[in-house]
Amino acid sequence: MDYFLELFFSGLTRGSIYALIALGYTMVYGIIQLINFAHGEIYMIGAFVALIVSGVCTIYGLSGFAILILAAAIAAVYAAAYGFTLERVAYRPLRGSPRLSALISAIGMSIFLQNYVLLAQTPDFLPFPRLIPDLAFIEPVAHIIGTPELVILITTLITMVVLTFLIKKTRVGKAMRATQQDLSMARLVGINVDNVISLTFIIGSVMAAIGGVLVASYIGQVSFYIGFLAGIKAFTAAVLGGIGSIPGAVLGGLIIGWSESFAAGYISSDYEDVITFVLLVVILIFRPAGILGKVHKQKV
Amino acid sequence: MLRIENISTYYGNIQALKDVSIEVAEGEIVALIGANGAGKTTTLMSVSGIVPPRAGRILLDGDPIDELSPEKIVKMGVIQVPEGRRIFPDMTVLENLEMGAFLRTNKHLIQQDMNYVMTIFPILEKRQRQLGGTLSGGEQQMLAISRALMARPRVLLLDEPSLGLAPLIIKQIFDMIRQINKENNTTIFLVEQNANQALKLADRGYVMENGRITLVDAADKLLSNDEVRKAYLGI
Ligand SMILES: Nc1ncnc2c1ncn2[C@@H]1O[C@H](COP(=O)(O)OP(=O)(O)OP(=O)(O)O)[C@@H](O)[C@H]1O
Ligand SMILES: [Mg+2]
């Protein structure tokens, strides 16, 4: 039973990170029908910025949670700036062109950002400090769920609650929903959809950066390449849940997290990555729009 | 109040409007009629800034608005109810109405207008928590008009409000348009294929063919004009 619970929580932890990144894919897709392939790179850049910040903080004698919070905050700001710029430079000029052009631009940006970090930093793995100290009161259950997992779960949960509140209740959130449901009608009620699109990229990037910092400090290393696999998995999660659907992204992330964790635990860790994509194929055969995705019909 | 001066509008290389001029005076109801593909929707989209004209000018109270963004045009009180109603399907009736007032800030006045639209269309009050996408066509049209009213329009642009509706509902909606015009002195520019109903409601009418204005006259004159009767009234 303990083993099952351990796998359950480790799956939940991974899944919540996938979900956090998947939200960025799904929100952008929902509004401009673009798969932002460079989203994984924003996650990676978030982790790198956090690495630099934590290095500096250590010199100044800070430790543990203080560094984590500071690093996450600064990483989020950087990631937001990258996400914003990415949309301005690589996607906005192509709005109105065939969708394939924007998609190719996205792949190009992904390759560009990877190589930029490779050149500016290093092609090797860098050790990342474990910023989450073990808390004493977790000790009795540490064989099932450790402090890092708990911190990741709580952080992602808070992030998602904030996001839900933002989208459901605030003025900008309503503008985002309206734009997602009907972009040109949104303009006809006076919404500046360019700003809404920028904001969507910023929010997605902040969440990706938070994910990047948490994972890097959990796993203990970073490289220019970590955004690729995380990005692919999160994208799969978004498609699995139904791209464009926010609850779908969360559900898809959790399903993938759990299936990886259980496949690794009960079968073999070799099957960890295979299971994700098998699942994707199976679900898309039976529900092409994803689990919670809608086939959009319009009433005339 | 609204002056469209010699505009030409294109989709890529295809010219949809050719040298179109239309004038709508304050408090007036003006109808634009024409067959499928004549360019009626394009005219309204040019006014709203969604498909800006490539040549010509559009003036509101003498100030040019043809280079402004759609949200600025909304801010100036030119509000469109587009063809097909375009209700936000996954928002409730109440949220759809709120979106209509997106650029306004005075909560008190917004609430007052919310009450007003619910008195003129009581069905909206009953349906307020229902999702927009689940309303019937007639209810959606009432919601679309109400959403536009939530912006306190000075000029209301209506694109085929009768499309796909039963005669009884059409009558109800046209009565309401007249009432809105009378009660609030809202200027109305109405696009219709249903020429008979539109010209009965309007003060003046324009006829559009293949992107050009071919006739302008008082609405009752157009109703008795032989060409109009043959082409648009099926008589
Ligand atoms: N997005 C578009 N891209 C290219 N051409 C378009 C587009 N929208 C309209 N057109 C063309 O412009 C012309 C005018 O279309 P418009 O929609 O303004 O006509 P309409 O008078 O509103 O017709 P209807 O009564 O059917 O609504 C048509 O020839 C149409 O094919
Ligand atoms: Mg039309």
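Select helix α3 of chain B, where B:V93, B:L94, B:E95, B:N96, B:L97, B:M99 and B:G100 are buried; buried means under 20% relative accessible area, exposed over 50%, and partly exposed in between, with a 1.4 Å probe and protein chains only. Helices (H or I, at least four residues) and strands (E, at least two) are DSSP runs, numbered from the N terminus. This is a predicted model, in which local features need pLDDT of at least 70 and side-chain atom pairs count only at pLDDT 80 or more, while totals for chains, interfaces and linings use all residues. Residues are numbered from 1 along each chain as its sequence is written, chains are lettered from A and ligands numbered from 1 in the order in which they are written, and side-chain values use heavy atoms, with hydrogens and water left out.

Why is helix α3 of chain B largely enclosed by the rest of the structure? The reason is that 7 of its 8 residues, in the range 93–100, are buried. Now display what covers them: this includes α6 (171–181) of chain A, together with α4 (107–120), α5 (122–126) and α6 (137–149) of chain B. Contact here means heavy atoms within 4.5 Å.

Remain with α6 of chain A and select A:T179, which lies in this helix. A:T179 counts as buried, at 1% relative accessibility. Apart from residues up to four places away in sequence, A:T179 touches A:I31, A:A186, A:I191, A:V193 and A:V196.

Next, select A:G242, in the loop between α9 (226–241) and α10 of chain A. A:G242 is buried, with a relative accessible area of 0%. Which residues does A:G242 contact, leaving aside its neighbours within four places in sequence? They are A:T26, A:A289, A:G290, A:I291 and A:G293. The C-alpha atoms of A:G242 and A:I291 are separated by 5.5 Å, although the two residues are 49 apart along the chain.

Move along to A:Y266, in helix α10 of chain A. A:Y266 is partly exposed, with a relative accessible area of 49%. A:Y266 belongs to a nonpolar surface patch whose other members include A:M1, A:F4, A:Y271 and A:F286, with about 1300 Å² of accessible area for the whole patch. The elements giving two or more residues to the patch are α1 (2–32), α10 (246–267) and α11 (272–286) of chain A. Helix α11 of chain A gives the most, with 6 residues. Patches are made of residues with over 30% relative accessible area and no salt bridge, with like charges joined within 9 Å and nonpolar side chains (Val, Leu, Ile, Met, Phe, Trp, Tyr) within 5 Å. A salt bridge is a side-chain nitrogen of Lys or Arg within 4 Å of a carboxyl oxygen of Asp or Glu. Accessible areas come from the Shrake-Rupley method with a 1.4 Å probe, and for residues only the protein chains shown count as cover.

Return to chain B for an open sheet of 6 strands in the order β6-β7-β8-β3-β9-β10, with mixed pairing. Its edge strands are β6 (78–81) and β10 (212–218) of chain B, each pairing on one side only. Two strands pair if DSSP finds at least two bridges between them. Strands β3 (29–34) and β8 (187–192) of chain B run parallel and are joined by 5 bridges; B:I29 stands opposite B:I188 in β8.

Finally, show the open sheet of 4 strands, β2-β1-β4-β5 of chain B, with antiparallel pairing. Strands β2 (14–24) and β5 (63–64) of chain B are at the edges, each with a single partner strand, so one side of each has no neighbour in the sheet.
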